[in-house]
Each structure stands twice: as structure tokens, then as C-alpha cells.
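Look through the sequence and the fold below.

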Amino acid sequence: MKKRVATVWLGGCSGCHMSLLDIDEGLLEIAPLMDLVKSPLVDGKEFPEGVDVAVVEGCVSTDHDRIQIFKIRERSKVLIALGDCAVTGNVTALRNLLGPAAMLDQAYQKAATNDNQGEMPSVEIPTLLPRASPLSHYVKVDVHVPGCPPSPDLIFAALKALLEGRPLVIPSGTLKNG
Ligand code: SF4
């Protein structure tokens with residue numbers, strides 16, 4: 001029976017999803033084992049009920065991320081933290097050194113390369129939390145897949161093991177950045 005898989009991108013740069021796509025022909029091997037029910041790669045806004053495996057890139061950085069991660073946990077049997085931002089906070093959590101107000105000031109008013117220098121974003125954007133935090137700060141994480149980004153071989157090995165319902169054996173040489 002196919003597993004219902006969702007992939008989500010919270011406070012990250014999309015690099016982990018790019019590494020997921022870099023599985024290349026391995027995608028053909030795991031595609032028959034799953035239905036992709038939610039992803040930045042497909043349509044659908046709402047995270048669905050009854051997900052078997054949720055793959056989450058990025059940390060919890062905004063109030064929207066926080067709502068999302070609780071919903072994802074509630075609706076998923078297995079939650080994978082994909083990449084160092086999801087596992088530790090990593091790059092996204094560097095803003096913790098400044099705090100939200102100083103970081104926004106730096107990014108939107110002082111940044112020399114900003115085309116709209118001096119202006120804060122004019123459309124509604126999610127409110128930044130005081131700190132960017134790894135997923136495990138808010139919810140139970142079942143599998144951590146480290147790397148910035150994780151190597152495609154490691155992502156493939158983790159997904160294939162989960163989809164086939166067997167323990168993950170980490171292939172040698174895959175615990176390095178993709
Ligand atoms: S772990 Fe690295 S590649 Fe993945 S979202 Fe964070 S910064 Fe990007």
C-alpha cells in the first residue's frame with residue numbers, strides 16, 4: 001500500500017528540497033511507493049489529514065511556521081526534520097544573534113543591495129518569532145536528516161527505508177553536505 005507523503009518548506013532556503021530533487025533517477029524508484037499529497041512541488045495549500053511521512057525543511061521562524069508545525073505533527077505519523085535548519089536552526093537561526101527588529105532593520109533599511117532601500121515590506125508577511133528554533137523545540141521529531149543540505153543519497157536512503165517499513169542503514173559517505 002502506498003504511503004501518503006508530504007514535504008513542507010518552513011524557515012529554510014529551499015536548498016534541502018533541491019537536494020531532494022537531486023535524488024534524480026532514485027525518484028523513479030520511490031515514486032511507486034508513495035502518493036505525494038502536499039509539497040511546494042505540487043498544488044494544494046492546506047496540509048492534509050492522514051499523512052504517513054512528513055518531510056520538513058527549515059526551522060520555526062514565524063508565527064505561521066509555528067501554526068504549521070503543530071498541524072503537521074498532529075496530522076502525520078512520522079515527521080522527518082530535513083537538513084540542519086530543521087535539526088538545529090542553522091543558518092536561519094543566525095538572526096537570533098540580532099533579534100527580529102534589528103534583523104528587519106538591517107535587511108530592509110540598511111542593506112546596501114536592497115532595491116527598495118529604506119522601506120519595510122508593504123504586503124502582509126508572517127510575524128517573526130523572537131527566536132528561530134529547530135523543529136524539536138516545538139514538536140516530537142522522529143527522524144533527523146542532517147546536512148546543509150543533506151546529501152541526496154542520504155535523503156534517498158531515509159525515504160526508501162521509511163517507505164518500505166524497515167530500519168534506516170546510513171550508507172557510508174552520505175553524512176556530508178550535498
Ligand atoms: S539546511 Fe542549508 S540547504 Fe537546507 S534550508 Fe537550511 S540553509 Fe538551506
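Predicted model: local features only at pLDDT ≥ 70, side-chain atom pairs only at ≥ 80, totals over all residues.

## A pair of strands

Strand S3 (residues 51–57) and strand S5 (residues 76–82) pair in the parallel sense, over six bridges. Two strands count as paired if DSSP finds at least two bridges between them. Strands (E, at least two residues) and helices (H or I, at least four) are DSSP runs, numbered from the N terminus.

Residues are numbered from 1 along each chain as its sequence is written, and side-chain values use heavy atoms, with hydrogens and water left out.

## The whole sheet

Five strands form an open sheet, and the pairing is parallel. The order is S2-S1-S3-S5-S7. Strand S2 (34–38) and strand S7 (143–145) stand at the edges. Each has a single partner strand, so one side of each is left without a neighbour in the sheet. From one strand to the next, the twist averages 25°. Strands of a sheet pair through backbone hydrogen bonds, either parallel or antiparallel.

S1 and S2 run parallel and are joined by four bridges. Here lysine 3 stands opposite methionine 34 in S2. S1 also pairs with S3, in the parallel sense, over five bridges. Alanine 6 stands opposite alanine 54 in S3. Valine 8 has valine 56 in S3 as its bridge partner.

## A helix across, a strand inside

Helix H3 (residues 63–75) lies across strand S1 (3–9), S3 and S5. H3 runs at about 135° to S5. Axes are lines fitted to C-alpha atoms, for helices over the stretch in contact, and angles run from 0 to 180 degrees between N-to-C directions. Contact means heavy atoms within 4.5 Å.

How many of the seven residues of S3 are buried? Seven of the seven are, so S3 is largely enclosed by the rest of the structure. Buried means under 20% relative accessible area, exposed over 50%, and partly exposed in between (1.4 Å probe, protein chains only).

## Leucine 79

Leucine 79 is found in strand S5. Its relative accessibility is 0%, so leucine 79 counts as buried. Leaving aside neighbours within four places in sequence, leucine 79 is in contact with several residues, including Ala54, Val56, Ile69, Leu135 and Val143. Isoleucine 69 is ten residues away in sequence and 9.8 Å away in space, C-alpha to C-alpha.

## Around the ligand

Which residues surround the ligand? Among them are Gly12, Cys13, Glu57, Asp84, Cys85, Asn90 and Cys148. A residue is near a molecule if one of its heavy atoms lies within 4 Å of it. Helix H1 (15–21) and helix H4 (84–88) each give two or more residues to this shell. By class, the shell has six nonpolar, four polar and two charged residues. Ala, Val, Leu, Ile, Met, Phe, Trp, Tyr, Cys and Pro count as nonpolar, Asp, Glu, Lys and Arg as charged, and the others, Gly among them, as polar.

## Threonine 92

Threonine 92 sits in the loop between H4 and helix H5 (100–110). At 19% relative accessibility, threonine 92 counts as buried. Its side chain reaches the backbone oxygen of glycine 11 at 2.8 Å.

Key: Polar contact = N/O pair within 3.5 Å; in protein donor to acceptor, adjacent residues only side chain to side chain.
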